[in-house]
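This report covers a helix pair, a nonpolar core and a chain contact. The sequence and structure come first.

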Amino acid sequence: MGANSQQGIALLVFFASFTLASAGMFYGGNVVFLALAVVTFLGSVALFLKAKPLES
Amino acid sequence: MTLIGLAVTFLGFAIAFSSLGVTDSTSTRMVMVLAGIVVSLVGIMGVLTPAYQKKWIYKKFVIALALLGCLAHAEAARAQAPAAAPAAAAAVAITDADLKAAVKPTDRANGDPDGSLTGTANDIAVADPKAGLTVADVLNQIGANRIGVNFAWTLLCGFLIMFMQAGFAVVEAGLCRAKNANHTMMMNFMVYGVGMLAYFLIGFPLQMGGAGAIANLGGTPVLNSEFVIHLFGKDIGLFGQTGYLLMHRGTYDVAVMVIFLFQMVFMDTTTTIVTGTLCERWKYAAFMVSTMFLGAFTYPIFANWAWGGGWLAMLGANFGLGHGYADFAGSGVVHSVGGVTALACALILGPRIGKFRKDGTPNPIPGHDIMWVLCGCFILAFGWFGFNPGSTLAMSGNGGLRAASVAVNTMLAGMTGSFGGILYMWIRYGKPDASMSGNAFLAGLVAITAPSGFVNPVASAVIGLIAGVLVCVSCEFVERVLKIDDPVGAISVHGTNGIWGVIATGLFADGKSNYGGSWNGVNGNVTGLFYGDAGQLVAQLLGVATLIGFVFVLSFLFNLLVDWFVGQRVSAKSELAGLDMPEMGALAYPDFVLKPEPEMTA
């Protein structure tokens, strides 16, 4: 019930997506970094959705 | 209904914004902006559950619009008196002969008990030891001293503001029930880190990347890239583009570091406002994700518009509206953004279980520790001396000494705010309510935050007094009419009174402040409606329209997204048990026996 490890993993990936986005902008809009940011963001969304049933 | 409400809310912002292109008349613009604000408020009503809507609210909006429109037409005709030019100081040349008369190091052979020999020309850094002390050395030292004083002042004020996090933490934890104390404390603890991470990665460049040179900090020429669109024949700044990771395009710079620290703690104040409104039911993971969005996008975008060289700041230079949107220390930028976001999130999460009875009347849910609440209010008031006076970004030059006036204004408004609240509650309910007295104290401080740099002490006292009463009325309205559950009253303290502070600037600014001879690129001093500049009030109202019509919609959409993929609210089982165990894994008070709440669970 409540918080669980899956949420922690999802949060880690979510923070990574922001870090990659920032790195992408740092390198003048680097497409590789920005694409990785989008992928990790979507990955975190999937992980959060997967974690929902574990909360109850 | 929700989407229609959001669309109408944004339409209000669009109406207000379009006034910039439709007309050059100040009074017509004021009417359009007011109409936009009303439309946005109607839209927010539409976001509420239809059962909570009241027809009389709409009627009052129309009456208020008519009255304010008449006021606008009456006052717009008053001309603004031109500001007197400061007398120029006579230039005096410095010669080497003057400097040779300085105290020698040998004079301190017997110490310096009275301090008269310490801090002399001998302490000036010499560029070339062979040449000795030169005029250039002295001039460089003077410049370094001025900027050093300003750095020290701004950094110390930033440290004070950082300590406000502790004040928010104990106020919010004290106002929640004991079974949620660990969870509420942990939200306030991590909001500092999560907000800072978001701001470091994304938020700071968006906010300050195009701010330009900040003279009081020795210039920040590297913050020089603002994304603009061309509209109504003017450049409309939307967000900054440089400063990523504080190393992007030369931003690894001491002045940039100072402004980052100072602006970061402002942003963190915004994020911690939301945790109060949503305590006792907010899923911890959702809190972290939502805070990332607020610290990375919502806050920095509005802060760029107001403080980073964006379109609101340029309303004066581009459209002749006073000195542009003037928000000295953030009633709008910090507090209203937090309050408006708290409102959007509260609408998504809904009230705590047991807060409202079946007939819709509110059920009081008292906090568990009023001593922490009032102690936290004092911590916050202490931190406010960094918040407002520190916003001069200077003690030396460009009107930095005005910080003394700002500090006194802050004290006065807090004092009259607490009087307003305590007397209102005493007269209306027969008792001087402790938590509302604390909230009224904070409301006075919130309301004076925007005007503190532009108004006189009497106006500060009036602004605080109104805020103290306003927060009580607003809390009653939010709870009893809108049926929104706000355990700490943050929507009223920060949202309502933040907006009041923004409007008060447009009314009470007396034109006596002088920060280097101009504000937001417009020569002269910020002057409100009561001192002859109706255009300043229009600029302030445009800021309010943006807060209600744009920031609310943006916050709502971000948090709707979070609700979809994380889920904003804990399960009913967790909520009834208290969030300390299910969300945090430990009780705040493990040795206490928690009181059962039969009425809540029924």
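## Helix pair

In chain B, the axes of helix H11 (residues 370-387) and helix H13 (residues 434-449) come within 9 Å and cross at roughly 10 degrees. H11(B) is therefore roughly parallel to H13(B) (angles under 35 degrees count as such). Axes are lines fitted to C-alpha atoms over the stretch in contact, with angles from 0 to 180 degrees between N-to-C directions. Helices are DSSP runs of H or I of at least four residues, numbered from the N terminus.

The model is predicted: local features need pLDDT of at least 70 and side-chain atom pairs pLDDT 80 or more, while totals for chains, interfaces and linings use all residues. Residues are numbered from 1 along each chain as its sequence is written, and chains are lettered from A and ligands numbered from 1 in written order.

## Nonpolar core

The largest nonpolar core has 204 residues. Such a core joins buried Ala, Val, Leu, Ile, Met, Phe, Trp, Tyr and Cys residues through C-beta atoms within 7 Å; buried means 20 or more other C-beta atoms within 10 Å of the residue's own, with C-beta atoms placed from the backbone. Helix H16 (residues 534-565) of chain B gives the most to this core, 18 residues.

B:Ile37 is among the residues with the most contacts inside the core. Beyond four places in sequence, B:Ile37 is in contact (C-beta atoms within 7 Å) with residues including B:Gly12, B:Leu541 and B:Ile548.

## Chain contact

In chain B, 23 residues are in contact with 19 residues of chain A. H8(B) gives the largest share of the chain B side, six residues.

How values were computed: A residue is buried if 20 or more other C-beta atoms lie within 10 Å of its own, exposed if 12 or fewer, and partly exposed in between; C-beta atoms are placed from the backbone. Helices (H or I, at least four residues) and strands (E, at least two) are DSSP runs, numbered from the N terminus. Two residues are in contact if their C-beta atoms, placed from the backbone, lie within 7 Å. Angles under 35 degrees count as roughly parallel, over 145 as roughly antiparallel, 65 to 115 as roughly perpendicular and the rest as oblique.
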